[in-house]
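Here's a quick look at a few residues in one structure. Have the sequence to hand while you read.

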Amino acid sequence: MLRTDDIDSLARAAARGEPGALDALLTAVRPEVLRLCGRLLPHREDAEEACQDALLAVARGIGRFEGRSSFHTWLYRITANRARSTYRALRRRWQLEAGGVPLPDPPDPQRTSVVAGTRLDLLDALDAVRPEAAEALTLRDLLGLSYREIATLLDVPEGTVKSRVHLARRQVRERLTGD
């Protein structure tokens with residue numbers, strides 16, 4: 001397993017277009033991306049789909065990696081966004097295939113584990129929050145980035161990040177508890 005410094009060096013090399021650097025980078029970060037997607041999505045197949053989408057986004061966007069934040073911070077943002085996008089696509093697909101029948105509310109405990117049901121509820125709640133607040137909350141509470149890292153990544157003041165996280169937490173809590 002490569003150290004964070006080694007990953008950052010590989011990312012900079014890949015951003016410069018050095019031969020082989022991108023392949024080595026994607027191979028090195030794939031397990032972590034899959035683990036992060038698995039924290040957000042309830043089924044392994046869905047996490048694997050989001051992981052592939054995230055790795056493709058990294059490959060396509062590596063030239064735009066500026067190094068203002070660590071590569072991992074940049075990667076976490078891409079991963080969180082791809083996992084949420086995968087969930088939304090899966091939800092839309094299910095609704096189309098179900099002929100417009102809405103998703104069960106809450107998830108059926110006989111067909112969905114408690115953990116999976118909780119993640120589905122959380123993803124639905126995040127979807128109801130403004131995108132910039134949902135992103136800040138996901139990066140902070142689900143992926144564990146510091147306020148400073150998020151501020152650097154999003155190019156906003158740290159106070160703005162704290163405000164967005166606070167707002168998103170309140171809205172998600174209201175949605176989850178029905179208050």
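## The cysteines

Cys-37 is buried, with a relative accessible area of 0% (buried is under 20% relative accessible area, exposed over 50%, partly exposed in between, using a 1.4 Å probe and protein chains only). Cys-51 is buried too, also at 0%.

Cys-37 is in none, and its nearest cysteine sulfur, that of Cys-51, sits 5.5 Å away. Seen from Cys-51, the closest cysteine sulfur is the one in Cys-37, and 5.5 Å is too far for a bond.

## About the model

This is a predicted model, where local features need pLDDT of at least 70, side-chain atom pairs count only at pLDDT 80 or more, and totals for chains, interfaces and linings use all residues. Residues are numbered from 1 along each chain as its sequence is written, and side-chain values use heavy atoms, with hydrogens and water left out.

## Asp-46 in helix H3

Asp-46 belongs to helix H3, residues 44-61 (helices are DSSP runs of H or I with at least four residues, strands are E runs of at least two, and numbering goes from the N terminus). Asp-46 counts as buried because its relative accessibility is 16%.

Setting aside neighbours within four places in sequence, Asp-46 is in contact with Leu-41, Thr-86 and Leu-90, where contact means heavy atoms within 4.5 Å.

## Arg-170 in helix H8

Over in helix H8, residues 158-177, you'll find Arg-170. With 36% relative accessibility, Arg-170 counts as partly exposed.

Technical notes
A disulfide is a pair of cysteine sulfur atoms within 2.5 Å.
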